[in-house]
Amino acid sequence: MNETTDDAWFRLTDECAEASRQVIALILKDVPPAEAWPVLIRYRTELEHLERR
Amino acid sequence: MCEPLSVLCLAAQDVLLLSRAAAAAIRDGGDLKATLARLRTAYDRLRLTTSRLGGQDIPPTRDNLAALLSLRLSMLEARKHAAIVRRWLERHDDPDFVADALLGVCWERRRDPVVLLGDDTSDLVAQLRARGQERIIVCASQATAVEGATVVVTSPFEVRAAVLCCSGDQPARAATIKRCDDAVTKETVIETNRMVQEALDGQRMCANTIDVFGAVWIKQGIENLPIIAAHPTIDLLRDSFAGLPAVIIASGPSLTRNIDQLKALKGRALLITFSHSLGACRRAGLVPDLVLALDPEDLRYHYDGTDMTQPEASLLGATIHPGVMRLPTKRLFTFAANNTIDSWIYHGLDVNPMVATGGSVATSALALAISWRCSPIVFVGQDLSYPGGEVYAKGISDDQARIVKRDGHDVIEGWSAGYAAMATVGGQGGSAVVLREVDDWHGTGKVPTSFQFDMYRRWMENVIKQFKITAWNCTEGGARIDGCEHITLEAAIAKLPTVDARVGERLDAVAFDRAASEAKMRSHLRVMSGQIQQAGELARQCTRLFHACTPAGARGARRAMRKASRKIQAIVDQMPYLVLANQAHLHQRTGLDPIETPDEWNAGASANYQLVLESVAAFGPLLDAALEELTPAHRRAA
């Protein structure tokens with residue numbers, strides 16, 4: 001804890017990511033699969049790219 | 001893309017670009033300090049927009065989905081850059097870097113406190129201030145002022161008090177704690193952390209309580225003003241019981257086990273109990289000396305069947321139900337059960353009957369016994385837990401209440417009709433209790449307790465330790481209270497010195513000038529009544545001008561509006577009870593941004609005038625009635 005909590009650095013970023021995750025889950029039920037699919041594939045690719053960096 | 005989402009995406013984009021810039025500043029030797037300052041501001045904006053996302057209706061379109069996924073990617077990437085910056089800063093000891101490491105980028109610099117430990121803090125305090133950090137608590141070896149620090153204290157216990165004293169926007173996060181010199185031990189850091197966490201829990205609970213009870217406290221407080229003025233306050237008892245043993249008779253289930261023995265202590269100690277324990281006392285044929293009550297609900301059912309002219313005195317919180325305040329008693333003393341929150345009541349009487357409440361009647365009783373310098377302080381029926389699922393001792397009106405399982409949750413069932421009726425005020429009835437286990441009285445096993453009981457127990461442990469109190473826990477069951485000697489009541493009775501308590505005589509010795517007190521209260525009420533009328537007139541004027549201001553173009557109206565707004569703010573500042581009564585509504589509007597969402601912000605301002613008008617309608621007649629009740633003619637007729 002020298003002597004900094006994670007709050008000061010990551011909490012808001014995590015909260016924002018979580019809030020968007022919830023909204024995505026909510027609207028994904030109503031977006032037609034044919035439209036949602038390419039967007040999700042692109043997201044997955046970019047996520048993998050980000051994780052590799 | 002829908003509008004709230006596009007605003008959010010722009011805010012997130014700013015955060016991402018500045019996070020990249022911060023990491024690049026480290027790599028390429030750029031101006032990290034300036035970039036972090038801009039990044040913090042970007043995060044402040046993101047905070048406002050994120051908090052509004054949950055309540056928005058986002059249409060399920062491909063564009064919105066793409067925007068949300070891109071937002072998630074931005075946040076993940078920003079987090080990566082923040083981690084790089086954090087790691088780099090933590091390797092550097094310069095106060096400039098330490099301040100950046102400490103504040104991070106997401107910290108709410110206006111609201112959440114930073115706690116610094118040690119004597120060498122002035123440079124870091126200055127750096128934190130330069131970054132916009134407002135609440136800075138320094139815990140040093142001596143209480144010498146440090147420029148820029150909000151407060152300087154000398155012990156972890158005082159840090160707790162300092163966090164509790166953060167008024168206005170209440171802190172929500174665990175404060176960041178930094179050890180600033182080598183003399184500060186790891187134990188002190190751990191203890192301070194624990195104290196800060198307790199204070200934050202207490203703040204949260206206090207805020208929830210104010211949201212629920214604020215308006216009730218004010219209404220009942222006003223209705224009680226004539227009674228309060230006619231009776232002495234507990235600060236007059238400050239020297240009445242010094243050195244006398246005090247027995248705090250709580251209402252836990254273990255009280256059934258040893259209440260019969262308490263009769264042996266009548267006249268040998270100060271017997272303090274709570275209204276809820278009266279049934280158990282009656283069942284055992286025990287007449288307590290002082291009966292304490294402070295909750296604002298209608299507690300009259302606690303007193304059913306008890307002749308309240310037998311106990312030596314009732315000690316009642318100022319905002320208690322007016323029906324309880326008007327029950328016949330041998331003697332009555334009032335006090336500020338909600339501590340400084342009740343200062344508006346006693347402001348005009350020049351008295352200071354504050355009690356460090358700790359959140360419950362049990363903790364208030366302990367605080368009173370400590371302030372009276374009673375010794376030793378003996379607990380009975382202080383289970384602070386639910387041994388065997390039981391809630392109260394036999395004879396208490398709610399003694400059928402038990403913890404039971406319902407749909408996988410622990411709930412308390414079997415409340416009396418009196419409790420069910422009063423629970424409607426606070427909405428507590430039937431809600432689930434989250435249980436946790438703590439050490440039991442014997443120190444050999446565990447006992448289930450609730451978050452609240454656990455918090456009260458820790459509060460007691462803290463004050464017993466801090467004030468070096470001689471305390472005996474003679475509950476013979478329930479939770480262990482560290483700092484107490486755990487002995488049976490029989491052993492305690494044998495150990496107690498033989499003294500003549502003469503409680504009635506001590507209470508009669510209190511000097512109280514009723515006529516002077518009532519005269520002061522009358523002038524206090526006249527001032528309050530004048531203020532509330534003025535606030536009402538200004539709120540009506542502001543509402544009229546508010547409507548005249550729209551559509552844009554009415555410059556004269558806007559100027560008049562600004563002037564009237566300043567006036568109403570000035571008068572409301574003198575009426576803290578008005579804010580207290582409306583706290584729950586005001587909380588909903590916290591964080592509105594006049595730049596991002598001017599319509600919402602405007603509507604919030606207009607709604608505030610409406611709140612003032614409603615408060616004037618609710619409390620104005622009560623103030624007039626209280627003043628009328630205090631007039632000499634009315635008193636003579638009564």
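A residue counts as buried if 20 or more other C-beta atoms lie within 10 Å of its own, as exposed if there are 12 or fewer, and as partly exposed in between. The legends below describe close-up views of a predicted model.

**View 1. Glu476(B), a residue with positive phi in a loop of chain B**. Glu476(B) has 19 C-beta neighbours inside 10 Å and therefore counts as partly exposed. Its phi is about 60°, a positive value, although Glu476(B) is not a glycine. The loop that holds Glu476(B) runs between strand 15 (471-473) and strand 16 of chain B.

**View 2. Asp350(B), another loop residue with positive phi**. Asp350(B) sits between helix 12 (343-346) and helix 13 of chain B, in the loop that links them. The phi of Asp350(B) is near 55°, which is positive in a residue other than glycine. Asp350(B) counts as exposed because it has 10 C-beta neighbours inside 10 Å.

**View 3. The cis peptide bond between Ser375(B) and Pro376(B)**. The peptide bond that joins these two residues is cis, with omega about -5°. Pro376(B) is placed in the loop between helix 13 (361-371) and strand 10 (377-380) of chain B.

**View 4. The open sheet of chain B**. Eight strands, in the order 9-8-7-6-5-10-15-16, make up this open sheet of chain B, and their pairing is parallel. Strand 9 (332-335) and strand 16 (485-486) of chain B stand at the edges with a single partner strand each, so one side of each is left without a neighbour in the sheet. Within the sheet, strand 5 (residues 246-249) and strand 6 (residues 270-274) of chain B pair in the parallel sense over four bridges, and Val247(B) stands opposite Leu271(B) of strand 6 of chain B. In general, strands of a sheet pair through backbone hydrogen bonds, either parallel or antiparallel.

**View 5. Helix 2 of chain B and its buried face**. Helix 2 (residues 32-53) of chain B has 22 residues and reaches 31 Å from its first C-alpha to its last, close to the 32 Å expected at 1.5 Å a residue. Its buried residues are Leu32(B), Thr35(B), Leu36(B), Leu39(B), Ala42(B), Tyr43(B), Leu46(B), Thr49(B), Thr50(B) and Leu53(B). Seen down the axis of helix 2 of chain B, these buried residues fall within an arc of 135°, so they line one face of the helix. They pack against helix 1 of chain A, together with helix 1 (3-28) and helix 4 (95-103) of chain B.

**View 6. The contact between chain A and chain B**. Here 31 residues of chain A are in contact with 41 residues of chain B. Helix 1 (7-28) and helix 2 (33-52) of chain A each supply at least two residues of the side of chain A that touches chain B, and helix 1 of chain A gives the most to that side, with 17 residues. By class, the side of chain A that touches chain B has 18 nonpolar, five polar and eight charged residues.

**View 7. Chain A, with two helices and zero strands**. The radius of gyration of chain A is 16 Å, well over the 10 Å that the globule rule gives for 53 residues, so chain A is more spread out than a compact globule. Along its principal axes, the C-alpha trace of chain A spans about 50 × 25 × 10 Å. Of the 53 residues in chain A, 26% are buried.

Key: Residues numbered from 1 in each chain as written. Chains lettered and ligands numbered in written order. Predicted model: local features only at pLDDT ≥ 70, side-chain atom pairs only at ≥ 80, totals over all residues. Contact = placed C-beta atoms within 7 Å. Nonpolar A, V, L, I, M, F, W, Y, C, P; charged D, E, K, R; others polar. Expected span 1.5 Å × (residues − 1). Arc of directions from axis to C-beta. Pairing = 2+ DSSP bridges. Rg over C-alpha atoms; globule rule 2.2 N^0.38 Å.
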